[in-house]
Amino acid sequence: MTANEILKKYFGYDNFRAGQAEIINHILNKEDCLGIMPTGAGKSICYQIPAMIFDGITVVISPLISLMKDQVDSLNQVGIPATYINSSLTESDYLQTIQNIYHGMYKIICVAPERFFSDTFISMLNFLDISMIAIDEAHCVSQWGHDFRPSYCEISKVISSLSKRPVVVSFTATATQVVKDDIIKLLNLQNPFVLTTGFDRENLYFSVQTPESKKDFLLNFLEDHKNISGIIYCSTRKTVDEVYERLCNYGYKVSRYHAGMSEKSRSTSQDDFVYDRTEIMVATNAFGMGIDKSNVRYVIHYNMPSDLESYYQEAGRAGRDGDKAECVLLFSRADVVTNKFLIEHSSEGSHTNEYQKLNEIVDYCNTSKCLRSYILEYFGEVPNFDNCNFCSNCNSQIEITDITVDAKKILSCIKRMNERFGAGLVADVLKGSKSAKVKSFGFDSLSTYGIMSEYSRDTIRDLISFLVAEGYIKSIGDKYPILALDVKAVDVLFSDTQVVIKKKIERILKPEKNRKNDFESLPFDNDLFEILRDVRSDVAEENNVPPFIIFADVSLKQMSTYYPTDVDSMLKISGVGSFKLEKYGDIFIETIRDYVKVHDIRKADVLEKPKTKNNAPAKADTKLVSYELFTKDGKSIKEIAEIRDLTERTIEQHLLDCYENGIDINLAKEVNTNFEDEIYNAINRCNSGKLREIKDMLPDEVSYFDIKLPQASHSPWAVDSCQDSTKALLPLM
Ligand code: ADP
């Protein structure tokens, strides 16, 4: 069988993801390989498929017992014979497993590194035909990787002692050069093919929010994200307990996890979440390693984490199945204080590195740049876009405030204080504080003393933080950083360069879909999806595996879009391979058949054109309620908003989404056609494509909706040229 055939037959996927086919080809050529791919990119398939093609057995070394079990469960579910050896096995299970291995019952054996170099295992390796050794989480070999495991360093010794050297392949999500070099050297890879895919996780919507009340924000967020899995990370155990209690009181099905709990309650809690018995996990960063639950739809950081590496790793636990997911970071000044406290009390030493990392994540929270490009640049990539149009900064309406005068005041105050003091004292002087400290340095006689007295001290500090983040001010030092002028300050002080704050006033586009993968983002029948989820839970319970191992959410969503009622159409669903179809197909097909009958859904309408834009769902969600009122009842957006007790903006978005998904809807009646030409021109002229800038070029009567429509008719998620988007308006008018 070819790699493509195995991908379809066992895993149920039609196409390889970026890098997969390339690395598989090199492995099949018997070359050592190192694959550096972000979490969720699909590293496992890169060695699992060659494992099925090679004649002999593949040994997978993996550091985490829980991951091993999930991996073996998943493989068995798709019909690939696999097993694992680690300390969780009882003596008799262990002996039985070894016996089965000798009898050639498995193609893949997962093993913990500590077991790999036991004498029994080595003699077994020499006896068996081992085609390949795959090392997962290979960064564990490096002291510079975040989870160094000394036992990983022994792997290469064992490999070189084998009578016949198998192909050695390794995978990690850690991309730094030093870790990469260590992996090649310490695993003794022979002339390896190295593949690094981009670090972008395209299905993740990044968002930074600075709500006045995090509690309210969270409750509102959860109200909009019911019945789906999500993780809420908090920085302390106390906050975990508080958030957990509150959510329980509000009736949510919640688990919690932190190091202060007993091992037993942690493990129950984790299982409840992984098995979908609870929807929400509130946890410290102790939770997550070794969990590859693929259907986590959001990760909220209730507190700012300590650095961007941890943030990207933790946030990356969302959307491993490739379906859209949200990563929200809730920022407040208090988080900076807590983090400084945690750094100071963590261990002895200068903490320079930790402070630098803290400053970098604070900058991420303050930036008005595209968040995705900020992250990618941080990890050393050069993004091929300025705006991803899929993060809260790109998708917010930006209000521009000119703060040149305030910036000048702050910069000259820092200069007059000889660039030797921290933000607190600078803010005091600008505010005109009568504190003893201000007086003792004689700062109350500076010309900048009290020149910002109309602002609160916090506002002045926020402005200072902004100027630091944007490169006007340098923050030097660790524990008590002092402020000094940075390069850009000169232009502001001496050549009247404008300083503007772009403030997010409201998100105008919601993360309703992936940027690229339109197929997965078609509207699905939510009622059917819920029914299929219940079926999946029952099947998972019977088989004693987590539900996402039976079918990923994306598979169920596609079933709820295309209503497959026979074997052939079921096989077209992503993630349904022939083995799973044989095992579980009947129950899912029967359920869908019943549903289709009860709701009188015409199969041909939805199944025959799975990838065209014309397959409006037979039933759907709240958006279609708005759609019905708009088209069938002829109500205006304003009237629908009143009837449904929703904002006009929401209704506009519902209708735009319906239009986007190919539903036949005439929005022309709601569009102000008097300014058609002006709108085209403005869109064409505006380089950034930002709505606010386009609106500013147009008369006041033109609404955001008038501008959004031509943009929506093109994919708003792609990095687009305004030129093309204007054409799409034409058929509507
Ligand atoms: P990683 O180890 O890189 O974090 P996994 O190997 O766990 O990622 O894969 C993440 C998810 O992506 C899994 O649910 C897997 O089945 C799915 N996946 C992998 N390759 C493909 C593909 N070619 N098409 C669709 N889904 C895929």
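This is a predicted model: local features need pLDDT of at least 70, side-chain atom pairs count only at pLDDT 80 or more; totals for chains, interfaces and linings use all residues.
Side-chain values use heavy atoms, with hydrogens and water left out.

Helices here are DSSP runs of H or I with at least four residues, numbered from the N terminus. The axes of α17 (residues 404–416) and α21 (residues 487–495) come within 10 Å and cross at roughly 115 degrees; axes are lines fitted to C-alpha atoms over the stretch in contact, and angles run from 0 to 180 degrees between N-to-C directions. α17 is therefore roughly perpendicular to α21, a term covering angles of 65 to 115 degrees. Ala407, Lys408, Leu411 and Ser412 of α17 make the contact with Ala489, Val492 and Leu493 of α21, contact meaning heavy atoms within 4.5 Å. By class, five nonpolar, one polar and one charged residues take part in the contact of α17 with α21; Ala, Val, Leu, Ile, Met, Phe, Trp, Tyr, Cys and Pro count as nonpolar, Asp, Glu, Lys and Arg as charged, and the others, Gly among them, as polar.

Helix α17 also packs against α18 (residues 423–431), their axes coming within 10 Å and crossing at roughly 115 degrees. The crossing of α17 and α18 is right-handed. Lys409, Ile410, Cys413 and Ile414 in α17 meet Val426, Val429 and Leu430 in α18, a contact with six nonpolar, no polar and one charged residues.

A further helix pair is formed by α1 (residues 3–11) and α3 (residues 43–53), which pack at about 105 degrees with axes 10 Å apart. Helix α1 is thus roughly perpendicular to α3. In α1, Ala3, Ile6, Leu7, Tyr10 and Phe11 meet Ile45, Gln48, Ile49, Met52 and Ile53 in α3; these residues divide into nine nonpolar, one polar and no charged.

Around the ligand lie 14 residues, of which Tyr13, Asn15, Gly40, Ser44 and Arg320 come nearest; a residue is counted if one of its heavy atoms lies within 4 Å. An oxygen atom of the ligand is 2.6 Å from a polar backbone atom of glycine 40, and an oxygen atom of the ligand is 2.6 Å from an N or O atom in the side chain of serine 44.

Technical notes: Residues are numbered from 1 along each chain as its sequence is written. Helices (H or I, at least four residues) and strands (E, at least two) are DSSP runs, numbered from the N terminus. A crossing is left-handed if the near helix is turned anticlockwise from the far one by less than a right angle, and right-handed if clockwise. A polar contact is a pair of N or O atoms within 3.5 Å; within protein, one must be able to donate a hydrogen and the other to accept it, and residues adjacent in sequence count only if both atoms are side-chain atoms. Angles under 35 degrees count as roughly parallel, over 145 as roughly antiparallel, 65 to 115 as roughly perpendicular and the rest as oblique.
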